[in-house]
Amino acid sequence: MIFDGQCAFCRSCVEWVKNRYQINALANQEIDPAMYGVTREQCDKSVVVIDSQTYFGASAVAFLLAKTGHPVMGKLLRASGPIGESGYRYVANHRDGRLVALIHRIVKSNL
């Protein structure tokens, strides 16, 4: 998993995942993305999960939800297609907003 290590919300989400699933999580600022077959631009735009295939954004989140014991949520997010990706983009672009702050509190309370 490659994530934005400078984002407090992202770091909390990584901790939430790591408490439920064994994963190697790397801050994109501390690696050379090319070593993982992805670009800096891709890492700057979204979370990346590399397994048997590479997932970005909402697809990466859906993969992680399934692996952390929330397969139905993962399937719903995957099935939502562009709607799920739009939701992911909204969160990524509004990290300082009230909705993301609320989600962040919920994630932190469930670590």
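Residues are numbered from 1 along each chain as its sequence is written, and side-chain values use heavy atoms, with hydrogens and water left out. Because the model is predicted, local features need pLDDT of at least 70 and side-chain atom pairs count only at pLDDT 80 or more, while totals for chains, interfaces and linings use all residues.

## Helix pairs

Helices (H or I, at least four residues) and strands (E, at least two) are DSSP runs, numbered from the N terminus. Axes are lines fitted to C-alpha atoms, for helices over the stretch in contact. Angles run from 0 to 180 degrees between N-to-C directions. Angles under 35 degrees count as roughly parallel, over 145 as roughly antiparallel, 65 to 115 as roughly perpendicular and the rest as oblique.

Start with helix H3 (residues 57-67) and helix H4 (residues 71-79). They pack at an angle of about 160°, with their axes 7 Å apart. That makes H3 roughly antiparallel to H4. The crossing of H3 and H4 is left-handed; this means that the near helix is turned anticlockwise from the far one by less than a right angle, while clockwise would be right-handed.

Contact means heavy atoms within 4.5 Å. H3 brings Ala-58, Val-61, Ala-62, Phe-63, Leu-65 and Ala-66 to the contact, and H4 brings Pro-71, Met-73, Gly-74, Leu-77 and Arg-78. These residues of H3 and H4 divide into 9 nonpolar, 1 polar and 1 charged. For these classes, Ala, Val, Leu, Ile, Met, Phe, Trp, Tyr, Cys and Pro count as nonpolar, Asp, Glu, Lys and Arg as charged, and the others, Gly among them, as polar.

H3 also meets H5. The axes of H3 and H5 come within 8 Å and cross at roughly 100°. H3 and H5 are therefore roughly perpendicular to each other. On the H3 side are Gly-57, Ala-58, Ser-59 and Val-61; on the H5 side are Gly-84, Glu-85 and Tyr-88. This contact of H3 with H5 has 3 nonpolar, 3 polar and 1 charged residues.

Next come H1 and H6. Their axes come within 9 Å and cross at roughly 30°. That makes H1 roughly parallel to H6. The crossing of H1 and H6 is left-handed. Ala-8, Phe-9, Ser-12, Cys-13 and Trp-16 in H1 touch Val-100, Ile-103, His-104, Val-107 and Lys-108 in H6. By class, the contact of H1 with H6 has 7 nonpolar, 2 polar and 1 charged residues.

## The cores

A nonpolar core is a set of buried Ala, Val, Leu, Ile, Met, Phe, Trp, Tyr and Cys residues joined through side-chain atoms within 4.5 Å. Buried means under 20% relative accessible area, exposed over 50%, and partly exposed in between (1.4 Å probe, protein chains only).

The largest nonpolar core has 23 residues, and Met-1, Phe-3, Val-47, Val-49 and Leu-64 touch the most other members. Helix H1 (8-18), H3, helix H5 (82-93) and helix H6 (98-109) each give two or more residues to this core. A second, separate core has 6 residues, including Ile-2, Leu-26, Ile-31 and Val-48.

What does Met-1 touch, not counting residues up to four places away in sequence? Its partners are Val-14, Ile-23, Asn-24, Ala-25, Leu-26, Val-47, Val-48, Val-49 and Leu-64.

## Single residues

| Residue | Relative accessibility | Class |
|---|---|---|
| Asn-28 | 3% | buried |
| His-104 | 16% | buried |
| His-70 | 28% | partly exposed |
| Ala-79 | 69% | exposed |
| Arg-98 | 78% | exposed |

Asn-28 lies in the loop between strand S2 (26-27) and helix H2 (40-45). Leaving out residues up to four places away in sequence, Asn-28 touches Ile-2, Phe-3, Asp-4, Gly-5, Arg-40, Cys-43 and Asp-44.

His-104 sits in helix H6. Apart from neighbours within four places in sequence, His-104 is in contact with Ala-8, Phe-9 and Ser-12.

His-70 is found in the loop between H3 and H4. With residues up to four places away in sequence not counted, His-70 touches Trp-16 and Leu-65.

Ala-79 belongs to helix H4. The C-alpha atoms of Ala-79 and Ala-62 are separated by 9.5 Å, and these residues are 17 residues apart along the chain.

Arg-98 is in helix H6. Arg-98 and Ala-66 are 32 residues apart along the chain, and their C-alpha atoms are separated by 27 Å.
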